[in-house]
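Please read it alongside the sequence and the model.

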Amino acid sequence: MKILTFSGTTPAEALKKAQLEVGEDAMLIETREVQKKSLGKSALYEIVVGVEENSAPAAPKAKPKDEPLMKQRPLTQKSSDVLYNISEAAKQISKIAEVTEEDRPSRQAPVKESEDLKRIKEEIEKLGDKVKLIQNMFWSEKSPKTTAAIPPEFAEIYRLAQESGMDQNHLDEIMHLTLEHMPSKMRESSETVKRYFQVLMRKMIPVRIETAPKIGSKKVIMLVGPTGVGKTTSIAKLAARFSYLLEKKYKVGLVVLDTYRIGAVEQLMQYARMMKLGIETVVDPPEFSNALNALRYSDYILIDTMGSSPYDKGKIEKIYECLRENNTEYTVDVVLVMPSSIKYEDLKATYENFAPLGIDTMMFTKLDETRGFGNIFSLVYETKVPISYFSVGQEVPEDLVAATSDFLVDCLMNGFSRGGGA
């Protein structure tokens, strides 16, 4: 296919040149205003059309000397670029119908104007159909190989989900669900498709709603996960949230299992001094129950653990031994902390290696360091383990968000924004 560009003082004039040059079979790709009308200067519009190379163009008619020469350029754009910009072309086509007397030379009679507009409207209908053909042509090459045909209006949502890092199998499955349950009238607009897709994904994301401890009981939360994911900072954020930021100010105690890194112990002790919190350290698993009992006055007990490679079975086993040695009445809620900036396969491997600890919820950190969030969606969709919190930066305690499915879907579709969340 060749791409040809024609120009004129109005969209209609440029369109007429295209028809004279290449005939009725040209497919309109884009209409743009190159130069605005000003005092002493006419407006200038360009239209871009596609012509099949094997089709014989109409015999060109003689052109006035002052008519701009036709520009040609090969179709070097990727088919995906043309596909995703085609909606813009559709919007620009509609501008042709908005030609007013200001766009026409003053010497034309009003009767002639109305006849021209009628003819242009007829051409718009023809060109609109041809744009649909271009959509179908490129989409058929890129659409997923599924049992059901996926309409071109799904192109934008498919691209966004694919670029977000979502697992391909999960994406195809959601597409099937969307096509199966989405009313046919809603499929005619890519915007309504996107909204429906977002609603569907929200229902597929499990979250753990934050609740306060029941009267007379306490919540014990243990953060586990790889080295460097921000567990210690997340502990500090949670401690500040529970003791200062919520409507009720709760008593919070801290337990440190991470005695491998002196820096981690010192960092958490500094936070404990600043917030006037009790803190206990555990070196060996039998000491774990004693540490919990020492903090029995607390409403929340937050436990920081040693970071380790997901493949370091020894360190993970030591955490498991602490849980096994717990002979108190308190149930420990195990939260797996993982960075959002790694690919889905790595998230899944991390989860599988920490799973023997009995993961209750997941927390994702470093949301401000990535642009793709489909990996998070795929993991929670695959494991059915709910999300409890998102960490969106280094600031304590501000950069912590209680998880909602709305927040994650908005990040996935529109990118991370500090204005979202709670």
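## Strand pairing around strand 9

Strand 9 and strand 10 (residues 361–365) run parallel and are joined by five bridges; strands pair where DSSP finds at least two bridges between them. Within this pairing, M338 has F364 of strand 10 as its bridge partner. Between the two strands the chain passes through helix 11 (residues 344–354), and this β-α-β crossover is right-handed, meaning that, with the strands pointing away from the viewer, the path from the first strand over the helix to the second runs clockwise. Helices (H or I, at least four residues) and strands (E, at least two) are DSSP runs numbered from the N terminus.

Strand 9 (residues 332–339) also pairs with strand 5 (residues 219–224), in the parallel sense and over five bridges. Here V220 has V332 of strand 9 as its bridge partner. Seven of the eight residues of strand 9 are buried, where buried means under 20% relative accessible area, exposed over 50% and partly exposed in between (1.4 Å probe, protein chains only).

## Basis of the model and overall make-up

The model is predicted: local features need pLDDT of at least 70, side-chain atom pairs count only at pLDDT 80 or more, and totals for chains, interfaces and linings use all residues. Residues are numbered from 1 along each chain as its sequence is written, and side-chain values use heavy atoms, with hydrogens and water left out.

The chain has 13 helices and 12 strands. Of its 422 residues, 50% count as buried. Among contacts (heavy atoms within 4.5 Å) with a separation of 6 or more, 72% are between residues 24 or more positions apart.

## The second largest pocket

The second largest pocket has a volume of about 390 Å³. On a 1 Å grid over the protein atoms alone, a pocket is an open set of points where a 1.4 Å probe fits, with protein on both sides within 12 Å along at least five of seven lines; lining residues have an atom within 4 Å of a point. Grid points are joined across faces, edges and corners, and the volume is the space filled by probe spheres set on the points.

Its lining comprises 21 residues, with R208, T211, K219, I221 and D333 nearest the centre. Strand 5, strand 9 and strand 11 (387–391) each supply at least two lining residues, and strand 5 gives the most, with three.

## Buried helices

Helix 12 (residues 374–383) is largely enclosed by the rest of the structure, because nine of its 10 residues are buried. Among them are I376, F377, L379, V380 and Y381. K384, with a positive phi near 65°, follows helix 12.

In helix 4 (residues 155–163), the buried residues are A155, I157, Y158, L160 and A161. An α-helix has 3.6 residues a turn, so residues three or four places apart point the same way. G165, with a positive phi near 95°, follows helix 4.

L200 belongs to helix 6 (residues 190–204) and is buried at 16% relative accessible area. Leaving aside neighbours within four places in sequence, L200 contacts I174, L177 and T178.

## Lysines with positive phi

K276 is not a glycine, yet its phi is positive, about 55°. K276 lies in the loop between helix 8 (262–275) and strand 7 (278–281) and is exposed, at 74% relative accessibility. K366 likewise has a positive phi, near 60°, and is found in the loop between strand 10 and helix 12.
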